[in-house]
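Here are my notes on the model you sent over.

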Amino acid sequence: MSGFSFDAVAAILFIPAAAAAILAALPNYKMTAMVNVIASLLTLLAALSLFVTERPAPGQYLIVDDLNIVFIVLNTFVGFTTSVFSASYIAHELETGRLTAPNLRFYHAMYQIMMFGMNLAFVSNNIGLMWVAVELATLTTVLMVGIYRTHEALEAAWKYFILGSVGIALALFGTILVYMAAQPVVGEGTNAMVWSVLIEKAAHFDPALLSVAFIFLLLGYGTKVGLAPLHAWLPDAHAEGPTPISAVLSGLLLNVALYAVLRFKLLLAASPQAIGPGPLMVTMGLTSLIFAAFMLYRRRDIKRLFAYSSIEHMGIIVFAFGMGGPLANFAGLLHMVMHSLTKSAIFFAVGHIAQVKGTQKISEIRGLTESHPGLGWALVIGVVAIAGLPPLGIFMSEFLVVSSTFARYPWLAIPLVFGLLIAFGALLLRLTGLAFGDPRGGMAPVEASYVPMYSHLALVFAAGIYLPAPLVAWFQHVAGILG
Amino acid sequence: MNGLTFDIAHLLAGSLVLISFMMLYQDRLFALINVFALHAVVLALSVAWQAYIQDAHHLYITAAIALVFKAIVIPVGLHRIIQRLGIHRDIETAVGIGPTMLAGIGLVTLSMVLMLRVTPEADPLAREDLAFALSIILLGLLVMVTRRNAVSQVVGFMSLENGLVLAATGAKGMPLVVEISVAFSILIAFIVIGVFLFRIRERFDSVDVGALDDYRGERR
């Protein structure tokens, strides 16, 4: 492919796949946790090398362009930090007997297969291959959500499986319709599924067919994004699976589905007579935001609370991309990156908190900053960030979303700001109970890995203070591509 | 397009929709599975016919998968599971049969109106296949939402997936069809039968998904 002997794209795909095979064979859990971390680190390095190596020309199956590099690097970075967190989390689960050694072998192999599926979805240039990759990533997470085999975990996994399958089916139907629209123009065969070919010729496609296809794709992949009427799987899956999986679900898998929606949105935007994707996405985004904001008030389970907060933020991101235009797209991209970093950091903290307290119930956790200052303050910073307070990164991206809405569609800003404020109130209300007051619940000292959560929070903090110029230029460029 | 080949393709796709309707009013698990096996046989015939008229030999593989796996292996396996679990009683439908049938008619009308309107220029055969396929997909969804039993939800999902295969084979020259049908078969075999039913039985002694609802997290 490229003239280099080192092929970064192949490495991104090959390392997780090979690691999964090795991990399935290794019996010792300490070693597998190490291998998991190392494989994730190598994948991250391979992803970073995409910036410096020459890009291969888009092939029939794989593509690397300015858009997906952002997603791949974010994905592999959070994948790596989560694997570090997972190593310490898993050790505790093994001690308490919630998981056994064979479970862990399965868990680690699945973790790498999931990384493989997500990376494949990002680099695929073929809409059929992208569908297969998203499906693969989803199925592995279904298995991991059910790993505790409790009533709740099984119900969550079953619900996730059924809703996810329906989403998968609708997305495949949409993919077939895109092929049908492309086939008269591009001709039969693989080329009519290659995204880089489709985007060049999209203007000549039958607009009505393409519009219907997009609706199916938006509903199908939107189920995975967790958009409001289709979100029912998301809180359960987050609450009942192992916490590292909650972190990657919120931080990464939702982005994968979002990325698929964005690719098809570009296709639709290239066809002038087709329906505008904007209004649909704006509506779904706003609905998710406001719905999730209200749902935040009634949560009793700490992981569910943050799962609803993920729905809220995906709503904001979809809203921003739905509005379109350079500023809103920039804000959407920035918000997506900030949300991934912050939310996974919060889940890292929550995972350890649930372990030391022995419960996920909000009412049984109090005074964390006194009993466990390291975790408590990480949670405080994380929630302050996710609620959108200055000076952290999410404040900036939310501010950009709101100001671009005011500039272009002032009426839409009213429900947007309303939703943001409702969510803000709910999060701070819950936070004061969790973090301050007299400590309640388990007081045992904690062997937490602070590095992943604080490094994420430091990045979010730094982004709120100062964004380096090359990064801004890159994001502006990508926002320009997104139209 | 030769009139007869078109008519045969039309007949097979139309029968699939009809059999999907038959699934809606089955109230015994065994009967539902038998109807599904019939669905799979007709799908295999339809795919084989498409393979013949499009001269696309790889589609014969998809047809063979549908025949062997979906019409024989899965139904036999499900029969065994049901017998072992001792749940060969009535299906607890969440919605009555009358409203379900009416909803089914509405969905078929909807998909006909929608698909025929947006594809005026497409190849007539592919066009009608697509309209039928969407009907089957929507009817499959309807089966899934009107049943409370995990086995019948799986059957609903499989009939939905048959609709997808029909659409994919109808789209002339579509790549990856065989791969997708293999992937779906693996998905069904692995996840559904292997993992979930086994575990759900192990933990609940019931495959009634309604029993799961009691454990919804917020009610603790």
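1. Within chain A, helix α12 (residues 302-323) has the highest confidence, at 93, while helix α14 (residues 368-371) has the lowest, at a mean of 85. Helices here are DSSP runs of H or I with at least four residues, strands are runs of E with at least two, and both are numbered from the N terminus.

2. A word on conventions: this is a predicted model, where local features need pLDDT of at least 70, side-chain atom pairs count only at pLDDT 80 or more, and totals for chains, interfaces and linings use all residues. Residues are numbered from 1 along each chain as its sequence is written, and chains are lettered from A and ligands numbered from 1 in the order in which they are written.

3. Next, the interface. Chain A brings 35 residues to the contact and chain B brings 36 residues, with contact meaning C-beta atoms, placed from the backbone, within 7 Å. On the chain A side, α5 (127-145), α6 (151-186), α8 (207-225) and α9 (233-240) each supply at least two residues. The largest share, 16 residues, belongs to α6(A). This side of chain A has 20 nonpolar, 6 polar and 9 charged residues; Ala, Val, Leu, Ile, Met, Phe, Trp, Tyr, Cys and Pro count as nonpolar, Asp, Glu, Lys and Arg as charged, and the others, Gly among them, as polar.

4. Chain B comes to 8 helices and 0 strands. Of its 220 residues, 45% are buried, that is, with 20 or more other C-beta atoms, placed from the backbone, within 10 Å of their own. Among chain B contacts between residues at least 6 apart in sequence, 73% join residues at least 24 apart.

5. Which helix of chain B has an axis that comes within 9 Å of that of α1 (residues 3-24)? The partner is α5 (residues 124-146) of chain B, and the two axes cross at roughly 10°. That angle makes α1(B) roughly parallel to α5(B), a label for angles under 35 degrees. Axes are lines fitted to C-alpha atoms, for helices over the stretch in contact, with angles from 0 to 180 degrees between N-to-C directions. The residues involved include B:Phe6 and B:Leu24 of α1(B) and B:Phe132 and B:Leu139 of α5(B). By class, the contact of α1(B) with α5(B) has 14 nonpolar, 5 polar and 2 charged residues.

Terms used:
Contact = placed C-beta atoms within 7 Å. pLDDT = per-residue confidence, 0-100. Parallel < 35°, antiparallel > 145°, perpendicular 65-115°, else oblique. Buried ≥ 20, exposed ≤ 12 C-beta atoms within 10 Å, placed from the backbone.
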